[in-house]
Amino acid sequence: MKITRVSTAATTGHCMHLWVKIETDAGVTGLGECVHGGMQAIAIIQSLANDLAGRDPFAVDAIFEDLRRRYVFDGGTGGALVTALTGIEIALWDLKGKALGVPVYELLGGKFRDRIRVYADCEVDPAMNADQVRQVVDGVVAEGFTALKIDVDGGGRADKDRFNFTADQYEHDRMVRLIEMTCEAAGPDVSVAVDVHTRLDVPSAVRLARDCEPFQLMWLEEPVPPEKIDAMREITRATSTPICAGENLYLRYGFRDLIEKQAVNIVMPDIPKCGGLSECRKIANLAEMYYMPFAPHNVASPIGTMASCHVCATVPNFLVLEFHWLHRDYWTTITTQGTDIIQDGHIALSDRPGIGLELNEEVARQHQYPGTTWFD
Ligand code: MG
């Protein structure tokens, strides 16, 4: 079997959802999704189409590593090139599974679990009062989720310098109060994660993490930027609140220091962005050696989300997967399955070949990303 054609399409959603279609001379086709690669990733995939033509599509890891090393000067350690290769990699896995008639998880070593626990990124706003917070949390719990995440950064004083990392008393108290209101509304049976989007300095982060200890958070996310390994480690060492990071890191090399120095308690690679299924399985395996849970970041459509589920199913240390499309009505209609893949806060792995979901192109095209082509 040989690759004959590689093409792209893109839709709007949480960000740009970039679709990669790989066709073969055997008539088998694979579809991949990658996110946060932007227009650059489209241009990269289109420019790599000639490199892919004529190759054996089953050599998934070798194709990825060959192209990454060949174009290493163009961003082979992180950014749009890695994301473009990720879209290609996921399409190759889908193609290989379909050609062999097996789900991708069977090709990754088989399942540790049949369904994947999902948490909802929900829209609790810093300006909300307790009743408004409870309304949002009740809505998420009514949909069956047993875990959720809120953002607590933003909403500082109007005159606050947005480049300054220090949380003053007002901002600290506001964040703690918002977390307290959310945890009270969620109750003991719903896990709560809190994201601060790398906005704090070390003393502000330690203070927040310690004041969150009574709430038993699922985690506090990226209190400082994840590339500041020693700063992250200092926070992790200073609190019993679990610290989680990694949504903007790439490849296993990007995670190595974070894991080996045990600078966090939980890692959160974005699978359809940072290297794909093989790479993220390796990241999970490295984390497992330090008894560290794996809780992938995820803003993808149902297809990229399901691709992530195949990795989550095949590693022992999976904790929970993100869901970030709470109020997009085409979450259920953008696949030909036409139903919500999330039931009772979980996604079940199917025994369908490949990723196991197909894009409904008629629906997807209604959300075509401006200025992009459609599988031309
Ligand atoms: Mg985050």
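Analyst: Between the domains, 30 residues of domain 1 are in contact with 29 residues of domain 2. Contact means heavy atoms within 4.5 Å. This is a predicted model, in which local features need pLDDT of at least 70 and side-chain atom pairs count only at pLDDT 80 or more, while totals for chains, interfaces and linings use all residues. Residues are numbered from 1 along each chain as its sequence is written, and side-chain values use heavy atoms, without hydrogens or water.

Domain 1 covers 3–101 + 360–365, and domain 2 covers 107–348. These bounds come from an automatic or database domain assignment. The C-alpha centres of the two domains lie 27 Å apart. Together they bury about 2,300 Å², and carbon and sulfur atoms give 65% of that area. Buried area is the accessible area (1.4 Å probe) that two parts lose on being put together, summed over both. His-14, Trp-93 and Asn-360 supply 23% of what domain 1 buries against domain 2, more than any other three residues.

Now strand β6, residues 191–195. Strands (E, at least two residues) and helices (H or I, at least four) are DSSP runs, numbered from the N terminus. Four of the five residues in β6 are buried, meaning under 20% relative accessible area; exposed is over 50%, and partly exposed lies in between (1.4 Å probe, protein chains only).

On one side, β6 pairs in the parallel sense with β5 (residues 147–151) over five bridges. Pairing requires at least two DSSP bridges between the strands. Val-192 in β6 is the bridge partner of Leu-148. Strand β7 (residues 219–221) also runs parallel to β6, joined by three bridges. There, Trp-219 partners Ala-193. The chain gets from β6 to β7 through helix α7 (residues 202–211), in a right-handed β-α-β crossover. Right-handed means that, with the strands pointing away from the viewer, the path from the first strand over the helix to the second runs clockwise. The buried residues of α7 pack against α6 (169–186), β7 and α8 (229–237). Among them are Val-202, Val-206 and Leu-208.

Next, the metal. Asp-195 (OD), Glu-221 (OE) and Glu-247 (OE) are the protein donors of the magnesium ion, 2.0 to 2.2 Å from it. Donors are N, O and S atoms within 2.8 Å of the metal (3.2 Å for Na, K and Ca); water is not among the atoms, so sites may look incomplete. Glu-221 sits in β7 and Glu-247 in the loop between β8 (243–245) and α9 (251–260), so this pair ties together parts 26 residues apart in sequence. Glu-221 is buried, at 0% relative accessible area. Glu-247 is buried too, at 11%.
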